[in-house]
Amino acid sequence: MKVLITGANGQLGRALAATAPGPHESDRHEIAALTRAELDLADADSIALAIAERKPDVVINAGAYTAVDKAESETDLAQRINADAVGLLRRSCADIGARLVHVSTDFVFDGGAAHAYRVDDMRNPLSAYGRTKAAGEDMAGPDALIVRTAWVYAAGGASFVATMLRLMRERDEIGVVSDQIGAPTWATSLARTIWGLIANEASGIHHFSDAGVASWYDFAVAIGEEAAAIGLIDRTIAVKPIATEDYPTPAVRPAFSLLDSRATREAAGVDPVHWRDNLRNMLQEVKQLG
């Protein structure tokens, strides 16, 4: 199977390329992981040309405009990348009979639910980023596989984990929001799930995050403890819980964005792994990378 991945330099793009079924698997994949220079989601001609030239069987759209706060002032660019580009990908895939896999976000919800969000719960995005991602879901069409996820991090690139490790080396105390609830998701875990969904020919909307529940404060405390345990930082520092109102940002974030992933795990054939276990796995990668 020929698979084209957009956003190859992003956290998920790298993880998808690294976890793709290899030469010893029964289903061998030929992977074309394209960077922004090779397929620019803000450029309609770039999208059409890349897909027409490579003629993939599956396109995984792992690229996105993810600068949540900047999207409030760069809404047109976020719309082009997160929504308009998805419609162009859908059209190009239809031209060659390819399947489209599109990655979306918990930000399509408003955080007001009293239960883990199900795929059929009403969307009500609070931010420009969330609105453009919701529009992208609509642009993907009814035949696409859409995977919503949340709080993604990886060993390389910018992420909450990387930011916390840097601050823990520089400061004696940090404040982290404690009233936003979700589940951290290791990019490698998400990538393996997406490959499982593709292999099992899943379609429609799916939710996936690692198992368990956390606030950003809980996540930060765990990062400090786990990083100190393996020598990534030489001390644990005080992590102070703060309220969202004490850390104002241009974009409004959902206060609760836990995703119900049970059906997705079954459809992908993957077992639940607690987010702290996967955090530990990721930090070991960081240590190995030096």
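Student: Which hand does the crossing of H2 and H3 have?

Tutor: The crossing of H2 and H3 is right-handed. Keep in mind that this is a predicted model.

Student: What describes two packed helices?

Tutor: Two things do: the angle between their axes and the distance between those axes. Take helix H2 (residues 44-54) and helix H3 (residues 75-96). Their axes come within 10 Å and cross at roughly 25 degrees. Angles under 35 degrees count as roughly parallel, so H2 and H3 are roughly parallel to each other.

Student: Which residues of H2 and H3 meet?

Tutor: H2 brings Ala44, Ile47, Ala48 and Ile51. Facing them in H3 are Ala85, Leu88, Leu89, Ser92 and Ile96. By type, the residues of this contact are eight nonpolar, one polar and no charged.

Student: At what angle do H7 and H9 pack?

Tutor: Helix H7 (residues 216-229) packs on helix H9 (residues 275-289) at about 45 degrees, and their axes are 10 Å apart. That angle makes H7 oblique to H9. The crossing is right-handed. H7 contributes Asp218, Phe219, Ala222, Ile223, Glu225, Glu226 and Ala227. H9 contributes Trp275, Arg276, Leu279, Arg280 and Leu283.

Student: Which residues touch the most other members of the largest nonpolar core?

Tutor: Look for Val161, Leu279 and Leu283 among its 36 residues. Helix H5 (160-170), strand S7 (173-177), H7 and H9 each give two or more residues to this core. H7 gives the largest share, six residues.

Student: What does Val161 touch, leaving out residues up to four places away in sequence?

Tutor: Val161 touches Tyr153, Phe219, Ile223, Leu279, Met282 and Leu283. Apart from this core lies another, of 26 residues, including Val86, Ala128, Tyr129 and Ala140.

Student: Is Trp151 buried or exposed? And is Glu201 buried or exposed?

Tutor: Buried means under 20% relative accessible area, and exposed means over 50%. Trp151 has 10%, so Trp151 is buried. Glu201 has 66% relative accessibility, so Glu201 counts as exposed.

Conventions. Residues numbered from 1 in each chain as written. Predicted model: local features only at pLDDT ≥ 70, side-chain atom pairs only at ≥ 80, totals over all residues. Heavy atoms only, no water. Axes fitted to C-alpha atoms, helices over the stretch in contact; angles between N-to-C directions. Helix = DSSP H or I, 4+ residues; strand = E, 2+ residues; numbered from the N terminus. Parallel < 35°, antiparallel > 145°, perpendicular 65-115°, else oblique. Left-handed = near helix turned anticlockwise from the far one by under 90°. Contact = heavy atoms within 4.5 Å. Nonpolar A, V, L, I, M, F, W, Y, C, P; charged D, E, K, R; others polar. Core = buried A, V, L, I, M, F, W, Y, C linked by side-chain atoms within 4.5 Å. Buried < 20%, exposed > 50% of the residue type's maximum accessible area, 1.4 Å probe, protein only.
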